[in-house]
Amino acid sequence: MTKITPDRAVALKAAGYKYIGRYLYNPSSTDLPEKAIQPGELATIKQYGLRCFPIYQTWGRDATNFRYS
């Protein structure tokens with residue numbers, strides 16, 4: 001839920017990560033402002049040899065958001 005900066009990309013790559021999930025949307029602009037992918041972030045991810053997969057989530061932080069049906 002944090003922007004992938006060049007320093008973060010280097011650290012993730014060094015730790016053995018190859019794929020990074022980034023949120024496409026953040027319904028709250030004040031809560032976790034960097035949750036949604038930021039401008040230029042995909043270029044940074046690519047530049048450092050990482051791959052990105054999209055995550056879309058609007059709700060689902062609490063068990064009450066889910067039902068068996």
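## Overall dimensions

What radius of gyration does the chain have, and what would a compact globule of 69 residues have? The chain has 14 Å, whereas a compact globule of 69 residues would have a value near 11 Å. The radius of gyration is taken over C-alpha atoms, and the globule rule is 2.2 Å times the number of residues to the power 0.38. Along the principal axes, the C-alpha atoms of the chain fill a box of roughly 40 × 25 × 15 Å.

This is a predicted model, in which local features need pLDDT of at least 70 and side-chain atom pairs count only at pLDDT 80 or more, while totals for chains, interfaces and linings use all residues. Residues are numbered from 1 along each chain as its sequence is written, and side-chain values use heavy atoms, with hydrogens and water left out.

## Secondary structure and contacts

The chain contains two helices and two strands, and their pattern along the sequence is α-β-α-β. Helices (H or I, at least four residues) and strands (E, at least two) are DSSP runs, numbered from the N terminus.

Of the contacts in the chain with a separation of 6 or more, 61% are between residues 24 or more positions apart. Contact means heavy atoms within 4.5 Å.

## Burial and surface

Buried residues account for 19% of the 69 residues in the chain. A residue is buried under 20% relative accessible area, exposed over 50%, and partly exposed in between (1.4 Å probe, protein chains only). The chain exposes about 5,400 Å², and carbon and sulfur atoms supply 56% of that area. Accessible areas come from the Shrake-Rupley method with a 1.4 Å probe; for residues, only the protein chains shown count as cover.

Leu24, Tyr25 and Tyr56 make a nonpolar surface patch of about 350 Å². Patches are made of residues with over 30% relative accessible area and no salt bridge; like charges are joined within 9 Å, and nonpolar side chains (Val, Leu, Ile, Met, Phe, Trp, Tyr) within 5 Å. Tyr56 belongs to the segment after β2 (51-55) and counts as exposed because its relative accessibility is 57%.

Side chains of opposite charge can pair when their charged atoms come close. The count here is one salt bridge, defined as a side-chain nitrogen of Lys or Arg within 4 Å of a carboxyl oxygen of Asp or Glu. Glu41 forms a salt bridge with Arg22, and the closest N and O atoms are 2.5 Å apart. Glu41 lies in helix α2 and Arg22 in strand β1 (residues 19-23), so the pair ties together parts that are 19 residues apart in sequence.

Helix α2 covers residues 41-47. Glu41 is buried because its relative accessibility is 0%, and Arg22 is buried with a relative accessible area of 2%. Apart from neighbours within four places in sequence, Glu41 is in contact with Thr2, Lys3, Ile4, Arg22 and Ala36.

## The segment after β2

Arg61 lies in the segment after β2. With a relative accessible area of 56%, Arg61 is exposed. Setting aside neighbours within four places in sequence, Arg61 is in contact with Asp31, Leu32 and Lys35.

Ser69 is also found in the segment after β2 and counts as exposed, at 89% relative accessibility. Ser69 and Ile45 are 24 residues apart in sequence, and their C-alpha atoms are 38 Å apart in space.
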